[in-house]
Amino acid sequence: MTYVVTDACIRCKYMDCVEVCPVDCFYEGENMLVINPSECIDCGVCEPECPAEAILPDTENGLEQWLELNTKYSAEWPNLTSKKDSPDDADEFKNVDGKFEKYFSPEPGEGD
């Protein structure tokens, strides 16, 4: 098992999860984070830290696309090991549906 970041993170990009991760397996895109499934040790400390509830165990049904997305982009985006400020409008996007289709960007973030 591993944990994955879902579309609930898009445009929110809260980084409380990064701060508690003991193995630094988060990677930063322009408007979301992903977890490297190979590096994740399945400790689960990140899941309750996410205000958007964007982090889920990959054992839940229907998360195959998110496992693929996390795997792909964690190999392309820069590693993030410390918390940064969330976007100013993060709370406005917290409960928006269909964020992947509307807002996903494959562009990398800045990382550390």
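Visitor: What makes K72 count as lying over the face of Y73?

Guide: K72 is 5.2 Å from the ring centre of Y73. A charge sits over a ring if NZ of Lys or CZ of Arg is within 6 Å of the ring centre and within 35 degrees of the ring normal, so K72 qualifies. This is a predicted model, where local features need pLDDT of at least 70, side-chain atom pairs count only at pLDDT 80 or more, and totals for chains, interfaces and linings use all residues. Residues are numbered from 1 along each chain as its sequence is written, and side-chain values use heavy atoms, leaving out hydrogens and water.

Visitor: Where does the charged end of R11 sit?

Guide: Over the ring of Y103, 5.0 Å from its centre.

Visitor: How do you know that the buried residues of α2 line one face?

Guide: In α2 (64–74), W66, L69, N70, Y73 and S74 are buried, meaning under 20% relative accessible area with a 1.4 Å probe, protein chains only (exposed is over 50%, partly exposed in between). Seen down the helix axis, they fall within an arc of 110°, so they line one face. On the other side, E64 and E68 are exposed.

Visitor: What covers those buried residues of α2?

Guide: The cover includes β1, β2, β3 and α3 (99–103), going by contact, which is heavy atoms within 4.5 Å.

Visitor: Which residues does I35 touch?

Guide: Not counting residues up to four places away in sequence, I35 touches Y3, V4, V5, C25, F26, C40, C46, I55, N70 and S74. N70 and S74 are among the buried residues of α2.

Definitions and conventions: Helix = DSSP H or I, 4+ residues; strand = E, 2+ residues; numbered from the N terminus. Arc of directions from axis to C-beta.
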